[in-house]
Amino acid sequence: MSDELQSLDPYVQWIASEARRPVAVDPAARRRLLEAIHAEPLPRRESRALRWVLRPRAIVLPPLATAALAAGLVAFGVLGGMAINRDGRRPTDQRHAEDASSRLPVSLMPRAVKFELVAPKAARVSLVGDFNGWDTAATPMTSQGADGTWTVFVPLQPGLHTYSFVIDGTHFLADPSAPVAPDDGYGHQSSVVVVRGSAS
Amino acid sequence: MSALRRTIGPLTLLLASAASAAAQDSVLPARELDPLARLNVATRYSVEVMLDSAKMLGLPTRVLESTALEGIAKRADGRRIVTQVRLVFRSLRDARAALGLSASTDELTAAAGALRVGITNAELSYLARTRHEKQLTVPLVVLADLVTRGVPRDTASQTIFQLWQRGAADDDFLGLWRGVERDIVSGTAPGVALLNRAREIPTRGSPPAAPPAAPGARPERSENPNL
């Protein structure tokens, strides 16, 4: 202890001696410290390309180019939506498969087929069938004169079709002038028409 | 200010285009875009499973879809629709097995209808073996109609098969149907009406040779003495 320290207050001398006392270090501490440092991931260095992509910048386009780009995006969305059904399923190629396997149609050109029903008391009559998705509003029939004859011409592909008349929107009636379809299980009879191909 | 104008113009155009597209989409009825959308979820799932199965088997799915849509139009409940689509699916599968892979969509549909009125697979196979490139659609449609109108099944099938073997054409079968239908409306018993009208149809060409009997095949039919 130096003379300078000996001249100081004993409390200060104690503090000074404590400060000068070498610290006892755990021999494994350095190893643990290095291991902890190695365990830390190295900071990722952003590539120049990434920095270029992420850097905000202003793109200036003339109004015509912007409109064309917007129209293109909308068209892409609309066409994409048409190609894919709403529930995400793509439409099947069933039509092609059926046409390929079918030997009946000599000509696939639709033929106008006349449907006729005498229903004098009906306020409105429509035609439903596999050709219009059994949609009661799709094919209304028109009344000809006062005798209550309702008619409609429908272009049909050659082949077998099942159909029915709907009177006043609720009553289903099989065509009395056509063969009946086997029981539909729904409590109403339907009819069958076979449209022939051009050469049959 | 000019930057604001440049931004607002195209943005307005984009929004207008999107709104126009959305409006066009909403104008189309949902039934046209997806006819089965009118089914509830459970019914639709069951129907689509059968549609997929039919597609895998090469069966005409249009008939099954039409059956489901017919049920919707006739306000049948979902369970009834599924039952009926399943029935048609099975009959199409059996018809394919009876008629073979060469059968057309219309022949399969007509044969499936015939099966549903009680015609057997063996009878269909018999008819298919004697087809000689002729279409089975009209005879099967007429056969199903006759049974539906009350002609005894055996009488109807036997008569149609004999006319078929005699070379009757589609017009013959349709003429037969019209005559029988008129007679039934006039009060004649359906079976009698059929036998009477069948006599009027001339033989067209020589009957086709009987097919060789295959194991398990239907035995050769005896001639209907009433014809």
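Predicted model: local features only at pLDDT ≥ 70, side-chain atom pairs only at ≥ 80, totals over all residues.
Begin by selecting A:Asp168, which is exposed, with 12 other C-beta atoms within 10 Å.

As background, most residues other than glycine have a negative phi.

Next, stay in chain A and select residues 111-118 together with residues 142-144, which are the strands β1 and β3, the edge strands of a sheet in which each of these two pairs on one side only. The sheet to which they belong is open and has three strands, in the order β1-β4-β3, with antiparallel pairing. If you turn the view and follow the sheet across, the twist averages 35° from one strand to the next.

To see one bridge in particular, select A:Glu116 and look across to β4(A), where the partner of A:Glu116 is A:Thr151.

Move over to chain B and select residues 41-57, helix α3, along with residues 61-73, helix α4; the two pack at an angle of about 165°, with their axes 9 Å apart. Because an angle over 145 degrees counts as roughly antiparallel, α3(B) is described as roughly antiparallel to α4(B). The crossing of these two helices is right-handed.

Which residues of α3(B) and α4(B) make the contact? On the side of α3(B), select B:Val47, B:Met50, B:Leu51, B:Ala54 and B:Lys55, and on the side of α4(B), select B:Thr61, B:Leu64, B:Glu65 and B:Ala68. If you colour this contact by residue type, you will find six nonpolar residues, one polar residue and two charged residues.

For the last stop, go on along chain B to B:Arg75, which sits in the loop between α4 and α5 (78-99). Is B:Arg75 buried or exposed? B:Arg75 is exposed, with 12 other C-beta atoms within 10 Å, and the backbone of B:Arg75 has a positive phi of about 60°, although this residue is not a glycine.

Technical notes: Residues numbered from 1 in each chain as written. Chains lettered and ligands numbered in written order. Pairing = 2+ DSSP bridges. Helix = DSSP H or I, 4+ residues; strand = E, 2+ residues; numbered from the N terminus. Axes fitted to C-alpha atoms, helices over the stretch in contact; angles between N-to-C directions. Parallel < 35°, antiparallel > 145°, perpendicular 65-115°, else oblique. Left-handed = near helix turned anticlockwise from the far one by under 90°. Contact = placed C-beta atoms within 7 Å. Nonpolar A, V, L, I, M, F, W, Y, C, P; charged D, E, K, R; others polar. Buried ≥ 20, exposed ≤ 12 C-beta atoms within 10 Å, placed from the backbone.
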